[in-house]
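Student: I am new to this structure and would like to go through it by question and answer. Please show it first.

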Amino acid sequence: MARRAEPPDGGWGWMVVLSAFFQSALVFGVLRSFGVFFVEFVAAFEEQAARVSWIASIGIAVQQFGSPIGSALSTKFGPRPVVMIGGVLAALGMLLASFATSLTHLYLSIGLLSGSGWALTFTPTLACLSRYFSRRRSLAMGLALTGVGLSSFAFAPLFQWLLSHYAWRGALMLVSALSFHLVACGALLRPLSLAEDTAVGGPVSQLTSLIHNGPFLRYTIALTLINTGYFIPYVHLVAHLLDLGWDPLPAAFLLSVAAIADLVGRVASGWLGDAVPGPVARLLMLWTTLTGVSLALFPVAQAPTTLVVLAVAYGFTSGALTPVAFSVLPELVGTGRMYCGLGLVQMVESIGGLLGAPLSGYLRDVTGSYTASFVVAGVFLLAGSGVLITLPRFFCFSAPTSRPQDLVIEALDTKVPLPKQEGLEEN
């Protein structure tokens, strides 16, 4: 088995980018467009908004809380079989949800079963991708995660059309068929063996190192705060527009407008993350702050033009923060600890994903509008921005980006002899 001294910054890595592109579309593209189903579930089950909001929140929380399991399984068996099994679970959950007769059934099928499938697909795929790139890591992440923006643009009106023609049960069956394509995404993954893998130890030693890493812990807290408010527009923006008197189809189309801006933001931020000197955390703080401000301004807007402008602003900035958020982690923990580090981050930030949408729905039920919901969501993102300022080298303007800072590469080069012919480990 050959080991590379450093990530190849290309090669089969671009196929991993392609896999991550479709995988992000089929996971978070579906989640972001689920606000279209929100109104249908409220009417079908005659439940309060807060209770219906738990469907998406449980799915997000299970996806993130179960990420360490996906990371551990990928470390032992490789990411390919893990992601393929996750695709089967995600599709099965959506299929079973189409037969639901109560919210509890949706909690178990979409929230627990599909969420478990997403946990086995998202984190292992991104961790695998980050190991293929170093100098172009932010760009690769940005390109891979554009799948979220493109699918959000397509899925929101598509799901609304499916609802109008097949009702919510038929629509969920078709979403299940889409989700099954995650199996093909997993088949494209190929694990990569790096020289520094021998220096980071096993999962237990990696976990011990991470929980004693102050910058890593502060970064995890920041992402948890960001995650609490990040998904609110994709769960409740359509319902907010309906409260303002909008028709369902134009309301769903506004999500598509935000998705287009999200797509542009991801690519632009990925390029800037590799081009601008200094730590990527500074860019992450900028995009997070602007996202929080745009969220807090949503209740102020009443005119359609103003709402469109805010949707574009939110879409661009929220899309821009995503690739750099994942690019910060290798700078803090090193490429060799990515599976364990990303899994642990996703598990902790699941607290925010679990509480965000229900809190927003609760505020809607108490106040009678979504004003407090969007303002509180913006405050959570601004708080996360404040924590990011405490990361090391935040005010450094000369160091290169996207390089592991806690590993001694020279020591790795002396401990692990490199073969004459480099290669990749294949399943």
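**Surface, core and salt bridges**

Tutor: The chain has an accessible surface of about 15,800 Å², and 71% of that belongs to carbon and sulfur atoms. Accessible areas here come from the Shrake-Rupley method with a 1.4 Å probe, and for residues only the protein chains shown count as cover. This is a predicted model, in which local features need pLDDT of at least 70 and side-chain atom pairs count only at pLDDT 80 or more, while totals for chains, interfaces and linings use all residues. Residues are numbered from 1 along each chain as its sequence is written, and side-chain values use heavy atoms, with hydrogens and water left out.

Student: How many helices and strands does the secondary structure of the chain come to?

Tutor: Helices (H or I, at least four residues) and strands (E, at least two) are DSSP runs, numbered from the N terminus. By that count, the chain has 18 helices and 0 strands.

Student: Which element of the chain has the lowest mean pLDDT, and which the highest?

Tutor: pLDDT is the predictor's confidence in each residue, from 0 to 100. The chain averages 81, and 88% of the residues score at least 70. Among the elements, the lowest mean pLDDT, 36, belongs to helix α18 (residues 409-415), and the highest, 94, to α5.

Student: Over residues 399-427, how many contacts does the stretch have beyond near neighbours in sequence?

Tutor: Contact means heavy atoms within 4.5 Å. The pLDDT over residues 399-427 is below 50. Beyond near neighbours in sequence, the contacts of this stretch in the model number 66.

Student: What share of the residues of the chain count as buried?

Tutor: Buried means under 20% relative accessible area, exposed over 50%, and partly exposed in between (1.4 Å probe, protein chains only). Of the 427 residues, the buried share is 58%.

Student: Which residues have the most contacts inside the largest nonpolar core?

Tutor: A nonpolar core is a set of buried Ala, Val, Leu, Ile, Met, Phe, Trp, Tyr and Cys residues joined through side-chain atoms within 4.5 Å. The largest one has 112 residues, and those with the most contacts inside it are F37, F41 and L129. Its largest share, 14 residues, comes from α8.

Student: Leaving aside neighbours within four places in sequence, which residues is L129 in contact with?

Tutor: L129 is one of the residues with the most contacts inside that core. Outside the four-place range, its contacts are G13, V16, V17, A20, A140, M141 and A144.

Student: Which residues form a nonpolar patch on the surface?

Tutor: Patches are made of residues with over 30% relative accessible area and no salt bridge; like charges are joined within 9 Å, and nonpolar side chains (Val, Leu, Ile, Met, Phe, Trp, Tyr) within 5 Å. Helix α5 (residues 79-97) gives the largest share of the nonpolar patch, 3 residues. With about 440 Å² of accessible area together, the patch consists of L92, L95, L96, F99 and M173.

Student: Is S98 buried or exposed?

Tutor: S98 sits in the loop between α5 and α6 (103-119). Leaving aside neighbours within four places in sequence, S98 is in contact with R169, L172 and M173. The relative accessible area of S98 is 2%, so S98 is buried.

Student: What is the phi of A167?

Tutor: A167 lies in helix α8 (residues 137-179). At 40% relative accessibility, A167 counts as partly exposed. Although A167 is not a glycine, its phi is positive, at about 65°.

Student: How many salt bridges does the count come to?

Tutor: A salt bridge is a side-chain nitrogen of Lys or Arg within 4 Å of a carboxyl oxygen of Asp or Glu. One joins R364 and D243 (3.2 Å, N to O), and another joins R266 and D262, whose closest N and O atoms are 2.4 Å apart. The count comes to 2.

Student: How many residues apart are R364 and D243?

Tutor: R364 is in helix α16 (residues 338-367) and D243 in helix α12 (residues 232-243). D243 is partly exposed, with a relative accessible area of 44%. The pair links distant parts of the chain, and the separation in residues is 121.

Student: By about how much of a helical turn are R266 and D262 separated?

Tutor: R266 and D262 are both buried. They lie 4 residues apart in helix α13 (residues 248-275), so the separation is about one helical turn.
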